[in-house]
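Thanks, everyone. I have one structure to go through today, so let me put it on the screen.

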Amino acid sequence: MDIRISCIGSGNMGGALMRGAAKITGGKNITFTDADTAKAETLARDLGASVLRDNSEAARYGDYIFLAVKPQILPGVLKEIAPVLRERFDAGNPGIVVSMAAGFTIGAILSELANPGQPAVRMMPNTPALIARGVIAYTPSQGVPDTALARLNEILSETGIVDRVPEEYLDGVTALSGSGPAFTYMFIEALAEGGVRAGLPRELALKHAAQTVLGAAAMVQETGRTPEELTAMVASPGGTTLAGIGALEKGGFTDTAAAAVDAAFRRAGELGRRE
Ligand SMILES: NC(=O)C1=CN([C@@H]2O[C@H](COP(=O)(O)OP(=O)(O)OC[C@H]3O[C@@H](n4cnc5c(N)ncnc54)[C@H](OP(=O)(O)O)[C@@H]3O)[C@@H](O)[C@H]2O)C=CC1
Ligand SMILES: O=C(O)[C@@H]1CCC=N1
């Protein structure tokens, strides 16, 4: 695919997404910048991509300009690249800004850029994008052409499933699938810890815990049955599973997991208000 991509920020998410993008655009059409140039260089070397001198150059280069910096850094980066984006916009060749910053709204992006017409996409990925098992949801601003959106969709699909959603869903997506991998790792660790307490070697316990979560998730996706139906397939009357479910319920498992998503959701809102 003959398109040019700039990635400002060469950390976890920028790296994961560009690894997927490189599969269809080729590394040579991808450029990186970072506060730490060595980090950008390592990633670029890995993907056959290149490094640009600064973020303004990145804004000039890309058909898509991915902003993969922390939300607290984003306003400064937007101010830095605003003049180049404005020039491109006025020349009728606007790059499309693609932000993944938690909580940071399209309105806030356009306002920092001082250009309500700037084409922009707000998205929320997650780290399993690194192994093409990610979840991405996105919302475009007005003025992103359908063809550009279709190409972006194609690129992002290399990293996992992609859904276009209304912007008001994005803080919830951030909380569930954006932060969710970390909650799931905690559950895997907790299962493994239980296995160790039941006498299993830690390495075996962790391996089996991870495969169990993977297998259970695939059952939800591939059988079309509800988690409740699938639970019924596991739990025999008077058996081991019901004993375990009782312990989970006693510990407030469902409420606690839901509260984790709710806390993340509220934090996304706070980041959006930029206190
Ligand atoms: N990690 C995740 O699971 C997810 C993250 N996100 C979002 O992705 C964004 C990036 O997060 P993540 O990849 O985890 O963060 P990282 O810290 O891994 O990467 C951000 C990179 O940006 C660099 N950076 C800092 N300032 C600048 C600058 N002025 N110009 C260019 N680069 C700069 C940082 O360098 P240095 O470290 O030297 O400061 C760092 O290498 C965030 O907005 C986050 O909300 C979204 C979904 C999931
Ligand atoms: O923790 C964070 O703020 C980011 C957003 C979603 C996952 N990581």
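Of the 275 residues in the chain, buried ones make up 35%. Keep in mind that this is a predicted model. The C-alpha trace spans about 70 × 35 × 35 Å along its principal axes. As for secondary structure, the chain has twelve helices and eight strands. If you take the contacts between residues at least 6 apart in sequence, 66% of them join residues at least 24 apart.

Next, the domains. The domain assignment gives domain 1 as 5–166 and domain 2 as 180–273. Their centres, taken over C-alpha atoms, are separated by 33 Å. How many residues of domain 1 are in contact with domain 2? Eight residues of domain 1 are, and they meet six residues of domain 2. On the domain 1 side, the touching residues are four nonpolar and four polar, with no charged ones.

Now the sheet. Eight strands form an open sheet with mixed pairing, and the order is β3-β2-β1-β4-β5-β6-β7-β8. At the edges stand β3, residues 50–51, and β8, residues 160–164; each has a single partner strand, so one side of each is left without a neighbour in the sheet.

Let me stay with strand β6 for a moment, residues 120–124. Why can we call β6 largely enclosed by the rest of the structure? Because five of its five residues are buried. As a reminder, in a regular strand the side chains alternate between the two faces of the sheet. In β6, Ala120, Arg122 and Met124 point one way, while Val121 and Met123 point the other way, and all are buried. Note that Arg122 is among those buried residues. On the pairing, β6 and strand β5, residues 96–99, run in the parallel sense and share three bridges. Within that pair, valine 98 stands opposite valine 121 of β6.

On to the ligands. Ligand 1 is surrounded by 27 residues, and the closest are Gly9, Gly11, Met13, Ala101 and Ala102. Which element gives the largest share of that shell? Helix α1, residues 12–25, does, with three residues. By type, the shell around ligand 1 holds 13 nonpolar, ten polar and four charged residues.

Around ligand 2 we find Ala102, Thr174, Gly178 and Ser179. That shell divides into one nonpolar residue and three polar ones, with no charged residue.

The last item is a single residue. UniProt, in an unreviewed entry, lists Asn55 under "binding site". Where does asparagine 55 lie? In helix α3, which covers residues 55–61. Is asparagine 55 buried or exposed? Buried, because 23 other C-beta atoms lie within 10 Å, and the cut-off for buried is 20 or more. Leaving aside neighbours within four places in sequence, asparagine 55 is in contact with Ile8, Thr33, Val77, Glu80 and Ile81.

Note on methods:
Residues are numbered from 1 along each chain as its sequence is written. Chains are lettered from A and ligands numbered from 1 in the order in which they are written. This is a predicted model: local features need pLDDT of at least 70, side-chain atom pairs count only at pLDDT 80 or more; totals for chains, interfaces and linings use all residues. A residue is near a molecule or strand if its C-beta atom, placed from the backbone, lies within 6 Å of it. Ala, Val, Leu, Ile, Met, Phe, Trp, Tyr, Cys and Pro count as nonpolar, Asp, Glu, Lys and Arg as charged, and the others, Gly among them, as polar. UniProt positions are given in the numbering used here, feature names are shortened, and annotations may be inferred rather than shown by experiment. Helices (H or I, at least four residues) and strands (E, at least two) are DSSP runs, numbered from the N terminus. A residue is buried if 20 or more other C-beta atoms lie within 10 Å of its own, exposed if 12 or fewer, and partly exposed in between; C-beta atoms are placed from the backbone. Two residues are in contact if their C-beta atoms, placed from the backbone, lie within 7 Å. Domain bounds come from an automatic or database domain assignment. Two strands pair if DSSP finds at least two bridges between them.
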